[in-house]
Structure formats: structure tokens, C-alpha cells
Amino acid sequence: MTSAIQAHGLAKRFGETAALTSVDLDVEAGTVLGLLGPNGAGKTTVVRVLATLLRPDAGQAFVHGHDVVRSPDRVREVIGLTGQFAAVDDSLTGVENLLFLGRLLGRSRADSRGTALNLLGRFGLSDAADRPAKTYSGGMRRRLDLAACLVGEPQVIFLDEPTTGLDPNARDQLWEIIRGEVRRGVTVLLTTQYLEEADRLADDIVVIDHGSVVAQGTPQTLKREVGRPTLQVRPLDGAELARVAALVTEVIGEHTIDGRLVKARVRDTAALSTVVRRLDEAGIEVAELSIREPSLDEVFKQLTVTGAPV
Ligand SMILES: Nc1ncnc2c1ncn2[C@@H]1O[C@H](COP(=O)(O)OP(=O)(O)O)[C@@H](O)[C@H]1O
Ligand SMILES: [Mg+2]
């Protein structure tokens with residue numbers, strides 16, 4: 001695998017606050033890493049270090065092999081940044097903003113204009129191209145931010161909470177645009193407080209809390225390794241609930257009753273066939289028997305509230 005971003009032991013303090021204690025990351029080129037964590041977890045600090053805006057107290061980080069501390073200029077050549085760092089000027093129109101950024105990068109006027117119009121078209125902003133950015137809706141504004149970050153044709157982009165505060169429609173549009181950029185080969189590091197966003201967009205997820213990594217993996221492995229699936233049994237006859245509960249406890253060692261369901265968190269999915277066999281032997285008919293994977297929400301809450309695996 002080719003790493004687009006690597007970080008080892010990143011640490012950063014702000015006075016008394018340890019914003020990052022020891023963060024390791026490895027992001028494969030052309031993939032999306034979801035850096036997930038609650039408010040104050042250290043997400044923006046990670047992005048600022050990787051984007052050469054903040055010097056870490058300890059640790060090292062490389063973007064496309066360039067050291068963020070020793071070769072910040074080389075890093076800046078390959079990255080794009082948006083989110084809490086938006087470079088868009090409210091008083092300029094959409095096209096003026098992008099044109100201006102192109103000129104700042106040393107492009108010709110014609111070239112900058114071509115890039116600006118192309119980006120506005122790709123992001124559904126052609127109709128608003130000549131309106132000042134301050135008249136844009138929240139969703140349009142975020143799309144313009146993203147377009148601004150792409151003017152320099154970066155290979156790696158940092159999106160810091162790109163959809164926070166957007167309505168579901170605007171969020172879906174932005175997700176689609178981000179997926180489009182990934183298809184074009186761009187590597188994305190996306191910070192988010194939303195599990196759903198990480199689940200939908202990210203190939204890999206790193207969960208951070210209080211400045212350290214508390215879990216990482218694909219959305220699937222996180223659910224599997226960190227959370228245990230739940231067995232749910234609903235007897236056809238509600239009067240059998242207590243017998244089912246006793247039987248489930250014998251096999252799995254625990255049960256809870258939720259309405260007409262008996263539930264138990266399973267360590268070993270082989271227990272499922274044992275439960276089925278025992279129910280059959282006991283002559284209990286079931287209306288429903290299922291294994292439910294934990295939602296990422298449950299996993300995330302558990303990890304960031306208690307810091308302990310589910
Ligand atoms: N410039 C700063 N000065 C002091 N404290 C800061 C500064 N930047 C971040 N912090 C603190 O560091 C911690 C991590 O912040 P941040 O990286 O912004 O978290 P997130 O982006 O996950 O919400 C928080 O406790 C925050 O208050
Ligand atoms: Mg932040």
C-alpha cells in the first residue's frame with residue numbers, strides 16, 4: 001500500500017490541555033479516513049498539524065512522504081484544506097473567489113477562469129457563480145469551500161467537519177461530491193462527529209477521544225471487534241417469555257427482556273445454533289430469532305463515554 005498520510009506519536013499541548021497525547025495514523029492513497037470523535041477530542045488539532053499550520057510537540061507526520069515540520073512547503077503543494085479554515089471571501093462572487101485563488105497559485109487568468117467555471121459546474125453552483133458568497137445557503141457555501149480547496153488540484157484534502165450544521169439534503173449533496181473526488185483519486189481525511197458520515201464515506205475510521213486513539217478499523221471491523229452482536233428471540237406465545245429467558249441465560253450467561261423480546265449480547269455466534277437446538281428440544285415455537293450487529297452509534301458511545309470496549 002502507498003501511504004498518503006502517516007503519523008507516529010503526535011502530541012500537542014495547549015497550556016494545561018493535552019490536545020493530543022499520542023496519535024498514530026496511516027492513510028492509504030486514494031482512500032477516505034474518517035477521524036471520528038466528540039467535540040474537543042483533538043480532531044482539528046490533528047488536521048492543523050498535518051496541514052503544517054501547527055507544530056507538534058512530539059511525534060512525526062508525513063504527507064506523501066514529506067515531513068510536515070521539515071518540509072512544510074512540499075506538503076502544502078499536495079494538500080487542500082477546508083472546513084474551519086475556509087478561505088472563501090463573503091463579499092466576492094463564487095467565480096471571483098475561485099478565480100482569485102487560481103491567480104494566487106500563479107495561474108494565468110484564462111486558466112484560472114477555466115478551472116473556476118469547471119469546479120462551479122461540477123458542484124452545482126453554475127447558476128450562483130455571479131452572486132456574492134454571502135448570499136449562498138449553508139450547503140452552497142460548503143460546496144464553494146470545497147471547490148476552493150480543490151483549485152490547486154491537491155492530491156490530499158482535509159475536510160474538517162464538512163457537513164456540521166447542514167440539513168440532510170445539503171449533506172447528501174456534499175457526500176456525493178466528496179465521493180466524486182475520491183473516484184478521481186484524491187485522498188481524503190475527513191473529521192466528523194457523526195458516525196453515519198464516517199460509516200458512509202470512510203474506508204477506515206480512527207476514533208479519537210481526549211487526544212488519543214481509542215479504536216480504529218473499517219466500519220465493519222469496528223462493529224465486529226468492539227461491539228458484540230445481540231441475539232433476539234421472540235416466542236410465538238408471549239407466555240413462554242420466561243422459559244425462553246431461562247434457556248438463553250443457560251446458553252449465553254445473560255438475558256434482558258424488552259417487550260416481547262428476549263435479548264442477550266453474544267460472545268460467540270456459535271451460541272446461536274445451540275439456542276435454536278435447545279428451543280426446538282423444549283418445544284418452544286419462535287416468531288423471530290435474529291442476530292443484530294451493534295450500530296456504530298452504540299460502539300462510538302461506548303468508546304467515547306467510558307473509554308472501554310463494548
Ligand atoms: N489554540 C488553542 N489554545 C488552547 N486550547 C486549544 C487550542 N486549540 C485546541 N485547544 C483545546 O484542545 C482540545 C482539542 O481541540 P480540537 O482539536 O479543536 O478538538 P475537536 O476538533 O475534536 O473538537 C480541546 O480541549 C480544545 O479546547
Ligand atoms: Mg474541530
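Select α5 and α6: α5 passes α6 in a right-handed crossing (a crossing is right-handed if the near helix is turned clockwise from the far one by less than a right angle, and left-handed if anticlockwise). This is a predicted model, in which local features need pLDDT of at least 70 and side-chain atom pairs count only at pLDDT 80 or more, while totals for chains, interfaces and linings use all residues. Residues are numbered from 1 along each chain as its sequence is written, chains are lettered from A and ligands numbered from 1 in the order in which they are written, and side-chain values use heavy atoms, without hydrogens and water.

Helix α5 covers residues 138–150 and helix α6 residues 168–183 (helices are DSSP runs of H or I with at least four residues, strands runs of E with at least two, numbered from the N terminus). Their axes come within 9 Å and cross at roughly 15° (axes are lines fitted to C-alpha atoms, for helices over the stretch in contact, with angles from 0 to 180 degrees between N-to-C directions). The two helices are therefore roughly parallel (under 35 degrees; over 145 is roughly antiparallel, 65 to 115 roughly perpendicular, the rest oblique). To show the contact (heavy atoms within 4.5 Å), pick Gly 139, Arg 142, Arg 143, Leu 146 and Leu 150 on α5, then Ala 170, Gln 173, Leu 174, Ile 177, Ile 178 and Glu 181 on α6.

Next, select the lining of the second largest pocket: Thr 115, Asn 118, Leu 119, Arg 122, Leu 150, Val 151, Glu 153, Pro 154, Glu 181, Arg 184 and Val 186 (on a 1 Å grid over the protein atoms alone, a pocket is an open set of points where a 1.4 Å probe fits, with protein on both sides within 12 Å along at least five of seven lines; lining residues have an atom within 4 Å of a point). Helix α4, residues 109–122, gives the most to this lining, with 4 residues. The pocket holds about 200 Å³ of space.

Move on to α9 (residues 241–252) and α10 (residues 271–281), whose axes come within 10 Å and cross at roughly 140°. These helices are therefore oblique to each other. On α9, the contact uses Val 244, Leu 247, Glu 250, Val 251 and Ile 252; on α10, Ala 271, Thr 274, Val 275, Arg 278 and Leu 279.

Finish at Ser 3, in strand β1 (residues 3–14). Leaving out residues up to four places away in sequence, Ser 3 touches Asp 26, Val 27, Glu 28 and Ala 29.

Key: Points joined across faces, edges and corners; volume = space filled by probe spheres on them.
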